[in-house]
Amino acid sequence: MKETDIPTCHDKHVLSVHVDVDSNGGGELFGYSSVSIAIASPQLQYLDVVGCTSLAHLDLSQCQPDCHITLQNCPSLQFIHVPKHGNGAVLHLDSGHHMPFLKVEGCVDHFDACWVSGQCSVKSVGAPWQGVWISHHLTNISQTPLSLDSECWIILSPATPHLVIDAPQVRFCYLSGGSQLETLSIVSLSSQQSQIEAQALPELCSVDIHPPTTSLYLRDCHSLMKLSGGVTDIHLSHVSQRADILQIEMTSERLMLCHSDVEALVIKEPTELSLLHCRPLNRVSLAPMTNIYCEGAVPESLIGVATVVVDESMVKSLVSAYPQHSDVIMVKLTKLIPSMSPSGPCVKALQLLQKLSELDAPLEQLWKIRLDLSAMHLASRTKRRRDSTSKTAIALSHWKWQLPDDLCREGWQSDYQLWAKCAPVVPEAFYYRHAMVRACGNKPDGLAMQTVVYAMARHSNFTHTDELDLWCDVMDVMATKEPLSVVNWALQARMLTARYGMYQRLDRAYLAACENLLHLKDLLDVLARIGCHHPEVRACLLNIAQRPWYWREERCDNARQADNYRAKAIALAISRAD
């Protein structure tokens, strides 16, 4: 579109208007018929400009630097001048039946516009823009001199099949709408972390960008087939619905493809690739050294290669599909689950395995998958390269999961429940008990110990002997710890009083751990909760009284307190109920 001469702030016909400013810094300009207006109100922060149908030039340079301007029913407006300093002006434009055609001079933080057939909204990142240029139905940028000093370009419905942008001053370029643009070529942009955003360009097939510090965002470009050049980041959303293959020959540090219907993806340069919910994607060709992260559906060719994040819906779909397609699901899980080794996905992986164990999935296969997951999880935290046999051996000798605090308990408990299912029938799982005991002993206040205590608290008549043996071994280890050395043991010991009396060997090991670890105040409280009528509890109380004085003082704050608790122990022992 050919630009026309527009008034400037030096026009002799400029009307100077003083706007009344309310207590909030707001004012209104309504129904003025002048072509050029300069606002002479230094305190003005918010201005509504309504019904100025002849207004072509609006000078706001004397207003507050971070002013908020709303414009409505100003069809002739072509130029706005805002202050050149501060955090930038915020402009809202309702351009009615026509797309906006506007030049903003000065410091701008945000611009949005709406019209009958569309809308746009842009916001600066980092420093505000010095100047914004908005155009529509553009055929040739070289014929638009007004754009040359603006750091932000907004190009609406470009009217050319091939648009070339060579603008070293531009930090942000936004393109949207229209059905003519097929090829976009970016020769130069600002070196200050420039950004290209294009959306709703249904015929756009090819994008070529060469400024290496640029970020590229493409959305709703349904015909996109090829990207070339070099950028820092690529974000593609809802693209390539009409294309059979998306070919990316563009170098980038990061590439995100989400909610796309493309079936084939070819990436020629190594990058950090994120695939989010691209269900139709089934063929992927990657450059060497490409790191892959998947969320949602995982392409068959990436199973076992990509780092996978499985959301709740996918977990449910896999579990629900297992009874009908058990063989197929297990084959997929053999590769899928070990790929979920980072901390966050690990929780979903363990929960999935535990749920499958409840559906009578083959426990030998589930335990093998669980070991592979553990091996991958532990291997990612060491710099040494090990073969698969060595990784599996480490996984067999460690019960260790580094999980986020908000999800860790669920992951540990799912893993424990899986072990409890597998231990009676899988020899490796049976012997894994030693690693679990070691984990509890090494960190008595850690998550492994908490998981075992929660399991003990759920002790029932259906508890398998393998679990009971594990609990006894853990209590035996706790009984060897230094007195008062386990911070959480008082709370855990009280929790376990409710299950007392269900298994004699475990009861003895539990009492020995309590007698060794607890402060005498806590120990007497635990014994009273269990009940002094139990012979072994009475024996423990008498044992407290008969121990050497230094044994009691070691478990109290001072000698006087130790004597008081000795007397209380004797009193509890002789008060045994009938």
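1. The crossing of H14 and H16 is left-handed, a label used when the near helix is turned anticlockwise from the far one by less than a right angle (clockwise would be right-handed). This is a predicted model, in which local features need pLDDT of at least 70, side-chain atom pairs count only at pLDDT 80 or more, and totals for chains, interfaces and linings use all residues. Residues are numbered from 1 along each chain as its sequence is written, and side-chain values use heavy atoms, with hydrogens and water left out.

2. Now the geometry of that pair. H14 covers residues 535-546 and H16 covers residues 559-574; they pack at about 150°, with axes 8 Å apart. Helices here are DSSP runs of H or I with at least four residues, strands are E runs of at least two, and both are numbered from the N terminus. Axes are lines fitted to C-alpha atoms, for helices over the stretch in contact, with angles from 0 to 180 degrees between N-to-C directions.

3. On the H14 side, Arg538, Leu541, Leu542, Ile544 and Ala545 meet Arg566, Ala569, Ile570, Leu572 and Ala573 of H16 (contact means heavy atoms within 4.5 Å). By class, this contact has eight nonpolar, no polar and two charged residues. Asp, Glu, Lys and Arg count as charged, Ala, Val, Leu, Ile, Met, Phe, Trp, Tyr, Cys and Pro as nonpolar, and the others, Gly among them, as polar.

4. H16 also packs with H13 (residues 520-530), at an angle of about 10° and with axes 10 Å apart. H13 and H16 are therefore roughly parallel. Leu520, Lys521 and Leu524 of H13 meet Tyr565, Lys568, Ala569 and Leu572 of H16, a contact with five nonpolar, no polar and two charged residues.

5. The largest nonpolar core has 139 residues, and Ile165, Leu236, Trp399, Met475 and Trp489 have the most contacts inside it. Such a core joins buried Ala, Val, Leu, Ile, Met, Phe, Trp, Tyr and Cys residues through side-chain atoms within 4.5 Å; buried means under 20% relative accessible area, exposed over 50%, partly exposed in between (1.4 Å probe, protein chains only). A second, separate core of 40 residues includes Ile39, Leu47, Leu91 and Cys152.

6. Finally, Ser121 lies in strand E10 (residues 118-123) and counts as partly exposed at 44% relative accessibility. Leaving out residues up to four places away in sequence, Ser121 touches His110, Phe111, Asp112 and Tyr174.

Technical notes: Parallel < 35°, antiparallel > 145°, perpendicular 65-115°, else oblique.
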